[in-house]
Amino acid sequence: MREFHEQEVRWSACEFDAAVECATIKVPLDYADPDGRRISIAVSRQPAADPASRRGVLLANPGGPGGSGLTTTGADGTEVSWPKDRFRDTELNEHYMTLDVVVHEQSHEWYGNAVADDGEVDSCLSECLASYATWLWDEEKDGVDLDSRYREQVKEHKDDTDWWQRLYRPDKPPGISTYNKGPLALHALRRQVGESAFHRIIKEWPQTRRGTYASWPDFESFAEKISGQDLGGFLTAWFHDDGVPEDAYLWPGDLKP
Ligand SMILES: [Zn+2]
């Protein structure tokens, strides 16, 4: 790994914005195989505008896959520097530069990048999983009781029909329900299939499907295979239907308050 970690990075002014510096670094295509094929990755950097209040290095990856990490389209339609445009707005920063977002985006490494969504309609595959990753983080790091959180959220949103929109349909992307209803659906799935099957599902999914595109129905089949359960009714209620799932699916295991 040494040649990658200690490579000399040559920075120069970016073509699209002289105030930002660009470079190209060499990385292995697969870190599990550092002697295998290597690729070049374009990176950019920008110094703190106010060095006295600098808090450290912020490494940003705009997500993707397929999008540029260097530039984005500005409000006026021109090509602008991605980090410069996005991270200078304090209000946006307060909103989005949180640990939750870091955990969420990091988990896209497995759910979204290692296994990519087949189409926009399959975005629960990346967004529901990445949103639930922040729950897992809270549980692991801070001992948060996720069953209580689940019950509170069900109670809070029970009468809000918009909140319970379906997470998958073959003809339309699910939209923001993947970020709020998604983690609930996965927590219910965890209680439905049990701890050991659930952890196998989320761990083995990116391992077995790595480097491929997958659809949401593929994930459902995988969950059924690993758990050995017929999840048809459960998955329909949580992922294919609008509205609050009926009690048998809303309160699997010991979830019932
Ligand atoms: Zn996401």
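Modeller: Before we start, buried means under 20% relative accessible area. And keep in mind this is a predicted model.

Biologist: Got it. Is His104 buried or exposed, then?

Modeller: His104 is buried, because its relative accessibility is 9%.

Biologist: What does the zinc ion have as protein donors?

Modeller: His104 and His108, each through NE2, plus Glu127 through OE. They lie 2.0 to 2.1 Å from the zinc ion.

Biologist: How are those donor residues spaced in sequence?

Modeller: The pattern reads H-x3-H-x18-E. His104 sits in helix α4 (residues 99–107) and Glu127 in helix α5 (residues 124–142), so this pair, 23 residues apart, links distant parts of the chain.

Biologist: And Glu127, buried or exposed?

Modeller: Buried: Glu127 has a relative accessible area of 15%, and the cut-off is under 20%.

Biologist: Staying with helices, where is Asp138 found?

Modeller: In helix α5. Asp138 counts as buried too, at 11% relative accessibility.

Biologist: Which residues does Asp138 touch?

Modeller: Leaving aside residues up to four places away in sequence, Asp138 touches Asp100, Gly143, Val144 and Arg149.

Biologist: Switching to strands: how many bridges join β2 to β3?

Modeller: Eight, and the two strands run antiparallel. β3 covers residues 38–45, and its Ser40 stands opposite Lys26.

Biologist: What about β1 and β2, parallel or antiparallel?

Modeller: Antiparallel, over two bridges, with β1 at residues 12–13 and β2 at residues 21–28.

Biologist: Which residue in β2 is the bridge partner of Ser12?

Modeller: That's Cys22.

Definitions and conventions. Residues are numbered from 1 along each chain as its sequence is written. This is a predicted model: local features need pLDDT of at least 70, side-chain atom pairs count only at pLDDT 80 or more; totals for chains, interfaces and linings use all residues. Side-chain values use heavy atoms; hydrogens and water are left out. Two strands pair if DSSP finds at least two bridges between them. Helices (H or I, at least four residues) and strands (E, at least two) are DSSP runs, numbered from the N terminus. Donors are N, O and S atoms within 2.8 Å of the metal (3.2 Å for Na, K and Ca); water is not among the atoms, so sites may look incomplete. Buried means under 20% relative accessible area, exposed over 50%, partly exposed in between (1.4 Å probe, protein chains only). Contact means heavy atoms within 4.5 Å.
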